[in-house]
Amino acid sequence: MAKTGFRVVTDSTADLPPSWREKYEIEVVPLKVLFGNESFRDGVDLTNDQFFERLETSQQLPTTSAPSPGDFAAVYEKLSKESEGAISIHLGSNLSATCEAARLGAESVEGFPVHVIDSKSTTMPLAFLCRVAAESADLATAVKAAEERVDKLGILALLDSMRYIQMGGRISKIQYLLGSMLDVKPLLKLDHGEIKPLDRTRTRAKAIPGMVQRLKEEGPLESLAVMHGSAPEDAEKLRGMLREEMPGMEIEIGQIGAVLGTHTGPRALGLVYVKR
C-alpha cells in the first residue's frame, strides 16, 4: 500500500468532536482515570456522562495518569506503515507527563518523523490545533500552523464548586473554606498552562454574563467553543449570549472529558478560544 501524506495524533484531553476525528482521521491516545482500584481509559471505557455521574457520588477524587511511551509508540508504529510522518498535539507539559511520553514514544520508532507539540493547554484548544494541522497541505506547514497558535490559546472556566479543585490540590484548604462558606462561583483563566483566578461571584446567573464580558476583552478570535461538565442547558444559554455579541462566529459546544472534569467538577462551564 502506498504511503500518503501525514497524520494528526492527539490525546483524549483534546475533547475532540467525533465528527472532526472521523473527517480528519485523527488518532486519539487515551489517558487513564482511576477510581480507587478501577482503571478506565478516558473516553473509551467510560463516557463523559458516566464519569460525571460517578464523580458526584464519589467520596474520593479519582486520579488520572498519562499514557505510556509504549502506548504512543504503538500508534506511531501503525501510522508509519500508512503515512510519511505525524504531528502529535498534546496536553500542556506543566499539567501532565503526556507530552514527554509522546516524545519518548516517537524516539523509539525509527525512520518515521513525529513532531510533538506542547499545547500548554487542555480541552478543545488542542482540537482547534488538530483541525488547523489536518487542513494544512503538508507536515511542515501543519507544524508551523500549530506552533504559531500555541501562545494564542485561551480558556475561561467557571466552576460551580471549589470542592474539586481543592481536593486536587490546586487551591488551599483555607481558600476553599472561605469560598464554600460564601458559596462563591470562581472564574479562572488558564494562561500558558497556569491557572489564574479572575473573579468570584455569589451566583451562577451573575457569573455567566461576566464570562462573556471577559471574553470580549480577549480581542478578535479565530475559533471559539463553549465547554461544559454535564450542564448542556447552561452551555446552550451561553452560546446564545455569545451569538448576540459575536454574530457570524462559529461556536462549537463540547463536553469536558474525565481528566479535566476531575479538577473542575460537575456543572463547570468553559469558554475556549484561539485569538486571531
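Predicted model: local features only at pLDDT ≥ 70, side-chain atom pairs only at ≥ 80, totals over all residues.
H3 lies across strand E1 (6–11), E2, E6 and E7. Its direction is at about 165° to E2.

I then checked helix H5 (residues 124–134) against the strands. H5 lies across E1 and E6, and runs at about 175° to E1.

Next I looked at the sheet itself. I found an open sheet of 4 strands in the order E2-E1-E6-E7, with parallel pairing. Strand E2 (27–29) and strand E7 (114–118) each have a single partner strand, so one side of each has no neighbour in the sheet.

I followed one pairing in detail. Strand E6 (residues 85–90) pairs with E7 in the parallel sense over 5 bridges. Ala86 has Val114 of E7 as its bridge partner.

I went back to H3 for its packing against another helix. The axes of H3 (residues 69–80) and H4 (residues 98–107) come within 7 Å and cross at roughly 50°. The two helices are therefore oblique to each other. I recorded the crossing of H3 past H4 as right-handed.

I listed the residues that make this contact. H3 supplies Pro69, Phe72, Ala73 and Tyr76. H4 supplies Thr98, Ala101, Ala102, Leu104, Gly105 and Ala106.

Note on methods. Residues numbered from 1 in each chain as written. Heavy atoms only, no water. Axes fitted to C-alpha atoms, helices over the stretch in contact; angles between N-to-C directions. Parallel < 35°, antiparallel > 145°, perpendicular 65-115°, else oblique. Left-handed = near helix turned anticlockwise from the far one by under 90°. Contact = heavy atoms within 4.5 Å. Pairing = 2+ DSSP bridges.
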